[in-house]
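Here is a short report on one structure. Keep the sequence and the 3D view at hand while reading.

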Amino acid sequence: MEVTVLGFWGGFPHKNEGTTSYLVESDGFTLLLDAGSSTLIQLEKIIDPLKLDAVILTHYHHDHIADLGVLQYLRQLKPASPVPELSIYGHSEDKFHFESLTMPTISKGIAYDPKEILEIGPFQITFIKTVHPVICYAMRIVEKETGTVFVFTADTGYFEELEIFCEGADLLITDTYFLEGMENHHAHLTSKETGLLAKKAGVKKLVLSHLRQDIDLELLKKQTEDYHQQSIETYLAKTQLKLTV
Ligand SMILES: [Zn+2]
Ligand SMILES: [Zn+2]
């Protein structure tokens, strides 16, 4: 499976780069994970957005869905001949936003049940509710054919169950918004919490994402590495960073 960062800033875009969005690919299948600002511009560099197979959303904060409406418009206005209706998976615990996923003949909102395993193309996905001001789900995405595991924490403060949820992940992408000192925040992780999480879960590759615009990011990375003290390959998220796992 390949995971490409399309946007990584927390809250708002910065210096020509966008907010949370990742392209997850396996065996020719393309899944967009969140759709923050600049998603379309970055996605077009990799695939024709008309060929996108499905979208899945962690929650409905604007920095995760900013480009969803324009993706719908692109699929409505651009094709010379109609393209298949796009499946957009989201939780249905926010009726207003969930209903906006459906645009007749263009896209169809599909509610995932966070207690069940969801199958989308080559992936099997499980969920855990995170610590965040609105309902949000972390996702564990397993490539069925290989058993490779990619976990995305989505937006979250620290909670213990996350350690088991992330266990043995080949790739973990986190919401590491704060430097050490802001632990037990109600919405986001710190470098220390991320380092400890990666260590306890025994992950193989770690990407720090949902980054804050006004902090020293090299220090964020160093603090994280100091806490996992292991040979976990650790990266700061960057637009078009592609991880193969
Ligand atoms: Zn966010
Ligand atoms: Zn959020």
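How are the donor residues of the zinc ion (ligand 1) spaced in sequence? The spacing is D-H-x90-D-x54-H.

## Basis of the report

This is a predicted model: local features need pLDDT of at least 70, side-chain atom pairs count only at pLDDT 80 or more, and totals for chains, interfaces and linings use all residues. Residues are numbered from 1 along each chain as its sequence is written, chains are lettered from A and ligands numbered from 1 in the order in which they are written, and side-chain values use heavy atoms, with hydrogens and water left out.

## Zinc ion, ligand 1

Four protein donors hold the zinc ion (ligand 1): D63 (OD), H64 (NE2), D155 (OD) and H210 (NE2). They lie 2.1 to 2.2 Å from the ion. Donors are N, O and S atoms within 2.8 Å of the metal (3.2 Å for Na, K and Ca); water is not among the atoms, so sites may look incomplete.

The angles among the four donor atoms run from 86 to 169 degrees, which makes the arrangement irregular. Four donors count as tetrahedral if all angles lie between 85 and 135 degrees; four count as square planar and six as octahedral if opposite donors are over 155 degrees apart and all others between 65 and 115; anything else is irregular. D155 sits in the loop between β10 and α5, and H210 in the loop between β13 (205-209) and α7 (217-228), so the pair ties together parts that are 55 residues apart in sequence. Helices (H or I, at least four residues) and strands (E, at least two) are DSSP runs, numbered from the N terminus. D155 and H210 are both buried. Buried means under 20% relative accessible area, exposed over 50%, partly exposed in between (1.4 Å probe, protein chains only).

## Zinc ion, ligand 2

The zinc ion (ligand 2) is coordinated by H59 (NE2), H61 (ND1), H132 (NE2) and D155 (OD), at 2.1 to 2.4 Å. This site is irregular too, with donor angles of 92 to 164 degrees. The two zinc ions are 3.4 Å apart, and D155 coordinates both. H61 lies in the loop between β4 (54-56) and α2 (62-65), D155 in the loop between β10 (149-152) and α5 (161-165), so the pair ties together parts that are 94 residues apart in sequence. H61 is partly exposed at 25% relative accessible area, whereas D155 is buried at 1%.

## Nonpolar cores

The largest nonpolar core has 56 residues. A core is a set of buried Ala, Val, Leu, Ile, Met, Phe, Trp, Tyr and Cys residues joined through side-chain atoms within 4.5 Å. L31, L33, I56, I120, I125 and F150 have the most contacts inside it. Strand β9 (residues 137-143) gives the most to this core, with five residues. A second, separate core of 20 residues includes L43, L50, L52 and L71.

## Salt bridges

The structure holds eight salt bridges. Each is a side-chain nitrogen of Lys or Arg within 4 Å of a carboxyl oxygen of Asp or Glu. One of them joins E93 and K129, at 3.6 Å from N to O. E93 lies in the loop between β5 (86-90) and α4 (95-99), K129 in strand β8, 36 residues apart.

Another pairs E119 with K144, at 2.5 Å from N to O. E119 is in strand β7 and K144 in the loop between β9 and β10, so the pair ties together parts that are 25 residues apart in sequence.
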